[in-house]
Amino acid sequence: MNAQIRFVVCFIVLLVSQSFYSQQARAEEDDAAALIAIIEAIETGWEQADGTPFRQHFLDFEGARYVESGGQNTGLDDLVGHHVEPEGDALDSLELDFSNIETHFEGDFAWAIADTEVKATVKKDQREIHNRGYQTFLFRRVDGEWKVVHTHSSSRPVTTETSHEHSDEHD
């Protein structure tokens, strides 16, 4: 093969490779946007004590567990019926904020980690809640859609108005 033909073949291989990696990057950006949209819908569902986003975006399966600050709900019905919706009756002015969301992908499996801040007033005794912590969401792509398969939240009361940063160190 002469030098010109080798150059053309190499150039074509380079273009095809670049196109493939560019498509992969766009797909991952689209998937990241989809995960963030799901997390935002869940945030709104918590704040409005509305189980609809959970039923839309969670994969309901036998053995599903959702963990929050030492407690857990077994299955989607338990999460929605005994946690999400009752909080509307128990809390005033629930504000939930998921921020600094990081997304990660391994084929049809993904996870997201977010900083979490919760503010609310307990209706029963007017006690103020203000916690900060972290939330992990595990996702699986099912029939072309991302579904939450597990969540884990951990937070503690805010004692000072310091910044909430990701850290490799333990508090």
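This is a predicted model: local features need pLDDT of at least 70, side-chain atom pairs count only at pLDDT 80 or more; totals for chains, interfaces and linings use all residues.
View 1. Strands β5 (residues 128-142) and β6 (residues 145-157) are antiparallel and are joined by twelve bridges. Another pairing in this region links Leu138 to His150, its bridge partner in β6.

**View 2. The turn between β5 and β6.** These two strands form a hairpin, with two residues between them. Within the turn, Asp143 has a positive phi of about 50°.

**View 3. The β4-β5 pair and its hairpin.** Strand β4 (residues 109-122) runs antiparallel to β5, and 13 bridges join the two. Here Ala114 stands opposite Gln135 of β5. The hairpin of β4 and β5 has five residues between the strands, and Gln126 takes a positive phi near 60° there.

**View 4. The sheet as a whole.** Strands of a sheet pair through backbone hydrogen bonds, in either a parallel or an antiparallel manner. In this model, six strands form an open sheet with mixed pairing, arranged in the order β2-β1-β6-β5-β4-β3. Its edge strands, β2 (71-74) and β3 (91-106), each pair on one side only. On average, neighbouring strands of the sheet are turned by 20° against each other, direction ignored.

**View 5. Helix α3 on the strands β1 and β2.** Helix α3, which comprises residues 76-84, lies across β1 (65-68) and β2.

Note on methods. Residues are numbered from 1 along each chain as its sequence is written. Side-chain values use heavy atoms; hydrogens and water are left out. Two strands pair if DSSP finds at least two bridges between them. Helices (H or I, at least four residues) and strands (E, at least two) are DSSP runs, numbered from the N terminus. Axes are lines fitted to C-alpha atoms, for helices over the stretch in contact, and angles run from 0 to 180 degrees between N-to-C directions. Contact means heavy atoms within 4.5 Å.
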